[in-house]
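Subject: Structure for you to look through

Hello,

Here is the structure I promised to pass on. Please open it first, then read my notes beside it.

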Amino acid sequence: MFEVRFHGRGGQGAVMAAQTLAEAAVNEGNYAVAFPFFGAERRGAPVLAFTRIDEKKIYSKTQVYAPDCVVVLDDSLLDTIDVVSGLKPNGTVIINSKEKPDDIDLGVSVRTASVNATSIALEILKAPITNTAILGAFAKATGIIRIESLEASIKQKFGEKLGEKVGERNAFAARTAYEKTIIGTSRSVKKLEAKKQWLPKYQDYPIGAALIEGKTEAGLIGPGSFIENKVSGWATYRPLRDKEKCTMCLLCWFYCPEGTIIRISDRGDLMTNYDYCKGCGVCANECPVDAIKMVRARA
Amino acid sequence: MITIKELSDDNLFTAGHTACPGCGVAMSIRNAIRVLGKDTAVYVPASCAVVFGTTFPYGAWKVPFFHTAFENTGACLTGMQAAFEKKGKKVTVVGFAGDGGTYDIGLQSMSGAAERNEDIIYICLDNEAYMNTGIQRSGGTPFGAWTTTTPVGSNIQGNQRFKKNLGDIVVAHEIPYYATLSIGHPLDFIRKVEKAKNMKGFRFLHMFTPCIPGWKMDPAKTVEVTKRAVESGMWTLYEVENGEKKVTYKPGKMKSVKDYLNMQGRFRHMSDEDINKLQMWVCRKWNLHYHEKGAPDICEVAPPVEHHAITEEHREMHGP
């Protein structure tokens with residue numbers, strides 16, 4: 001049995017990728033299952049999806065804990081999630097990254113393939129939806145599936161849902177990625193540490209179970225503690241403000257849903273804290289004097 | 001009246017929350033709490049706002065925050081207000097419920113609190129479906145919209161019911177203040193929140209909050225889409241103060257509802273016939289709100305498609 005785990009962000013199509021791969025495998029005469037890890041429906045939040053492929057019937061219904069292959073649709077996930085967790089020693093990691101495999105630090109030395117799927121998706125699909133491109137890289141790196149059958153099932157699945165033209169463009173994205181994929185071995189420099197968690201005992205709670213502002217080993221807790229949660233990894237684009245053009249109308253500051261744009265009244269100026277920017281682009285869209293431009297966040 | 005410049009630099013809803021990029025709910029919450037200030041206690045029922053604003057043990061709120069079940073926003077706010085009153089504290093008690101938690105599930109509780117005229121602010125964040133659980137239809141979903149429970153089939157395409165008129169239901173409780181707000185109209189937004197804050201009794205603020213994944217649209221267009229909703233008549237900005245209704249923003253010439261629908265993937269499938277049906281509904285609403293004495297009839301429905309004059313070429317192709 002060949003087990004695959006997809007790491008992506010909501011909106012990149014990890015679930016569709018898992019399903020498309022399973023369908024392609026079935027069309028080749030295999031058995032396959034695909035399913036997502038269910039959570040709140042939020043675009044940009046880390047998501048998981050799984051595919052199992054076998055020549056025999058598949059009875060296993062659990063999540064994939066020891067994958068043969070890990071597919072990472074967004075390399076910003078590498079900073080927050082241990083993607084190689086449980087990976088078999090002879091397994092493969094496929095990463096959407098502009099780096100070469102030999103420059104990617106996974107903490108372990110494993111067979112790694114990389115392709116700049118975001119650029120391919122932006123160029124061909126005009127949107128940072130990287131699922132089909134990364135499937136092309138999957139076909140190249142693992143050889144489990146032929147690129148032709150993958151193209152066929154992409155055309156069918158995406159064509160059915162979004163129209164024939166979209167299906168064809170997605171298949172072309174997969175083919176382009178297939179040709180551009182580089183295979184190598186990852187570096188093992190960084191140390192993988194389990195993220196510390198705050199696990200309180202019942203005595204630690206005040207009466208009424210109210211959570212008050214506090215500091216623990218795992219960081220801040222309680223009111224306002226989200227300030228430690230850096231969400232910049234979600235962004236494909238980020239805003240650049242031209243101070244010369246800016247008239248300080250404060251509309252961007254008012255509209256920003258994240259608190260990325262910070263106003264400093266004493267100095268009469270605005271500051272941008274990219275740690276919290278998810279790159280929605282509302283500020284650039286609403287700026288009345290076009291002083292804000294969106295640029296690629298990790299180019 | 002507060003202007004944008006006079007709002008406080010700090011925010012009581014901190015950065016680092018996990019809402020989708022371009023979230024209309026996050027925008028509305030941040031700006032509402034800017035105006036309401038720190039002497040506020042917040043209740044949020046089950047909704048996106050509770051998922052992205054508080055994930056145990058973390059939270060984005062810097063004001064007292066409470067959450068229990070889905071259907072009891074009105075009852076919880078009543079209890080919180082009673083407790084603060086008993087303790088002799090002057091606190092603005094605010095509830096942020098979604099459209100599901102107001103139009104459908106929380107309606108009885110809201111109605112009870114409104115009828116007793118409790119001294120609370122009830123804010124409905126209307127994103128026109130149950131977005132948190134994966135885009136299911138609610139009473140607030142407009143005609144024609146795709147959701148997972150109103151799918152697009154060959155016979156029936158999208159939601160077949162028109163948006164419930166919640167405004168009139170709430171106003172029928174004869175409460176001191178009801179207002180509709182849009183994040184695309186900042187001064188109107190700030191003025192209404194401030195006005196509600198300084199009043200007594202049951203105040204209801206109805207906010208129009210676009211949802212990026214649920215409406216299937218570009219995250220950069222959150223504000224633009226609310227502006228178009230108002231310009232086309234899909235959303236009306238008005239307030240009812242002690243029974244006196246006043247339209248607070250009157251758009252110019254009515255724009256076609258198509259301008260608004262084209263921005264969103266959830267309406268992509270709509271046929272011309274359905275769009276016309278929705279346009280007629282919008283027109284009735286528009287006339288109801290803006291048709292005052294002596295006001296010109298600004299509502300214009302697209303004229304029926306006329307047959308083209310028969311040309312020589314046409315005759316050759318189709319005969320006389």
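Of the 299 residues in chain A, 44% are buried. Keep in mind that this is a predicted model. Chain A holds seven helices and 13 strands. Its C-alpha atoms fill a box of roughly 70 × 55 × 35 Å along the principal axes. Take the contacts in chain A with a separation of 6 or more: 61% of them join residues 24 or more positions apart.

Next, the domains. Chain A is divided into domain 1, residues 2–185, and domain 2, residues 202–296. Their C-alpha centres lie 31 Å apart. How many residues of domain 1 of chain A are in contact with domain 2 of chain A? Seven are, and they meet four residues of domain 2. On the domain 1 side, one of the touching residues is nonpolar, four are polar and two are charged.

Now look at where the two chains meet. Here 40 residues of chain A are in contact with 38 residues of chain B. Three elements of chain A give two or more residues to its side of this contact: helix H6 (251–255), strand S11 (261–264) and helix H7 (282–286). Which of them gives the most? H7(A) does, with four residues. The chain A side divides into 19 nonpolar, 12 polar and nine charged residues.

On to the cores. The largest nonpolar core has 100 residues. Those with the most contacts inside it are Cys283(A), Phe96(B), Tyr122(B), Ile123(B) and Leu205(B). Helix H1 of chain B, residues 24–36, gives the most to this core, with eight residues.

Leaving out residues up to four places away in sequence, Ile123(B) touches Ala32(B), Val94(B), Gly95(B), Phe96(B), Leu205(B) and Met207(B).

Chain B also has an open sheet of eight strands. The order is S4-S1-S5-S6-S8-S7-S9-S10, and the pairing is mixed. As background, strands of a sheet pair through backbone hydrogen bonds, either parallel or antiparallel. Which strands of chain B stand at the edges? They are S4 (65–66) and S10 (244–247). Each has a single partner strand, so one side of each is left without a neighbour in the sheet.

Follow one pair within the sheet. Strand S1 of chain B (residues 40–43) and strand S5 of chain B (residues 92–98) pair in the parallel sense, over four bridges. Thr40(B) has Thr92(B) in S5(B) as its bridge partner.

Two helices of chain B deserve a look. Helix H7 of chain B, residues 186–197, lies across S5, S6 (121–126), S7 (177–182), S8 (203–208) and S9 (238–241) of chain B. H7(B) runs at about 155° to S7(B).

The other is helix H9 of chain B, residues 222–232. Why is H9(B) largely enclosed by the rest of the structure? Eight of its 11 residues are buried, so the structure encloses most of it. The buried ones are Thr222(B), Val223(B), Val225(B), Thr226(B), Arg228(B), Ala229(B), Val230(B) and Ser232(B). Just after H9(B) comes Gly233(B), with a positive phi of about 95°.

Best wishes

Conventions
Residues are numbered from 1 along each chain as its sequence is written. Chains are lettered from A and ligands numbered from 1 in the order in which they are written. This is a predicted model: local features need pLDDT of at least 70, side-chain atom pairs count only at pLDDT 80 or more; totals for chains, interfaces and linings use all residues. A nonpolar core is a set of buried Ala, Val, Leu, Ile, Met, Phe, Trp, Tyr and Cys residues joined through C-beta atoms within 7 Å. A residue is buried if 20 or more other C-beta atoms lie within 10 Å of its own, exposed if 12 or fewer, and partly exposed in between; C-beta atoms are placed from the backbone. Ala, Val, Leu, Ile, Met, Phe, Trp, Tyr, Cys and Pro count as nonpolar, Asp, Glu, Lys and Arg as charged, and the others, Gly among them, as polar. Domain bounds come from an automatic or database domain assignment. Two strands pair if DSSP finds at least two bridges between them. Axes are lines fitted to C-alpha atoms, for helices over the stretch in contact, and angles run from 0 to 180 degrees between N-to-C directions.
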